[in-house]
Amino acid sequence: MIVREIVEVIRGKELTPPIQPADFKLKYAFSGDLMSDALMILREAPEGFCEAGILITGNVTMQSIRTAEMLDFAAILITRGKVPSPQVLEQAYNSGIIVLGTNDVSFTVCGKLYQAGIKGLSDL
């Protein structure tokens, strides 16, 4: 799905200015609030998973951006209506990471994205 379609599905918005080409596709997702879990679990993810993936979290700290950088995630989706600080959004933008936001909780977002065709690790 292209980013615009994801924004529509989650009833969300882009929190960073456009970074990737308008037709850039996201195919995968991982959800978690403990960035240490994401690092441990995703270190053995199939090649290309993170690069074409979105990290779903309620974590709005710099740690989520650093984790996405280390794993090469293309995008982060912040749930529960939280908004990262301008410094966090600037770091994401400078790192080429798209940041999206939604008022929905992670469980709901994951279900919506899965129904729309986004796959998780267990689907590969």
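This note goes through the predicted model point by point, from the whole chain down to single residues.

1. **Basis of the note.** The structure is a predicted model, in which local features need pLDDT of at least 70 and side-chain atom pairs count only at pLDDT 80 or more, while totals for chains, interfaces and linings use all residues. Residues are numbered from 1 along each chain as its sequence is written, and side-chain values use heavy atoms, with hydrogens and water left out.

2. **Elements of the chain.** The protein chain holds five helices and five strands, where helices (H or I, at least four residues) and strands (E, at least two) are DSSP runs numbered from the N terminus. Read from the N terminus, the elements follow the order α-β-β-α-β-α-β-α-β-α. The radius of gyration of the protein chain is 13 Å, close to the 14 Å that the globule rule gives for 124 residues, so the chain is as compact as a globular protein of that length. For this comparison the radius is taken over C-alpha atoms, and the globule rule is 2.2 Å times the number of residues to the power 0.38. The C-alpha trace spans about 35 × 30 × 25 Å along its principal axes.

3. Of the 124 residues of the protein chain, 46% count as buried; buried means under 20% relative accessible area, exposed means over 50%, and partly exposed lies in between (1.4 Å probe, protein chains only). Among contacts with a separation of 6 or more, 64% are between residues 24 or more positions apart, a contact being heavy atoms within 4.5 Å. The accessible surface of the protein chain is about 6500 Å², and 53% of this belongs to carbon and sulfur atoms; the areas come from the Shrake-Rupley method with a 1.4 Å probe, and for residues only the protein chains shown count as cover.

4. The five strands form an open sheet with the order 1-5-4-3-2 and mixed pairing, where two strands pair if DSSP finds at least two bridges between them. Strand 1 (13-14) and strand 2 (28-31) are the edge strands, each pairing on one side only. Strand 1 runs antiparallel to strand 5, to which two bridges join it, and lysine 13 has glycine 101 in strand 5 as its bridge partner. Strand 4 and strand 5, by contrast, pair in the parallel sense over four bridges, with leucine 77 opposite leucine 100 in strand 5.

5. **Strand 3 and its partner.** Strand 2 pairs with strand 3 (residues 53-57) in the parallel sense over four bridges; alanine 29 stands opposite isoleucine 54, and phenylalanine 30 stands opposite leucine 55. Which residues of strand 3 point one way, and which the other way? Gly53, Leu55 and Thr57 point one way and Ile54 and Ile56 the other way, and all are buried. Because five of the five residues of strand 3 are buried, this strand is largely enclosed by the rest of the structure. In strand 5 (residues 98-101), Ile98 and Leu100 point one way and Val99 and Gly101 the other way, and all of these are buried as well.

6. **Tyrosine 28.** Leaving aside neighbours within four places in sequence, the contacts of tyrosine 28 include Phe49, Gly53, Ile118 and Leu124.

7. **Asparagine 59.** The loop between strand 3 and helix 3 (62-71) contains asparagine 59. Is asparagine 59 buried or exposed? Asparagine 59 is buried, with a relative accessible area of 12%. Beyond its neighbours within four places in sequence, asparagine 59 is in contact with Asp33, Met35, Ser64 and Ile78.

8. **Two arginines with positive phi.** Most residues other than glycine have a negative phi. In arginine 11, phi is near 50 degrees, a positive value in a residue other than glycine. Arginine 11 is placed in the loop between helix 1 (3-10) and strand 1, and it counts as exposed at 61% relative accessibility. Arginine 80 also has a positive phi, of about 60 degrees, although it is not a glycine. Arginine 80 lies in the loop between strand 4 (75-78) and helix 4 (86-94), and at 38% relative accessibility it counts as partly exposed.
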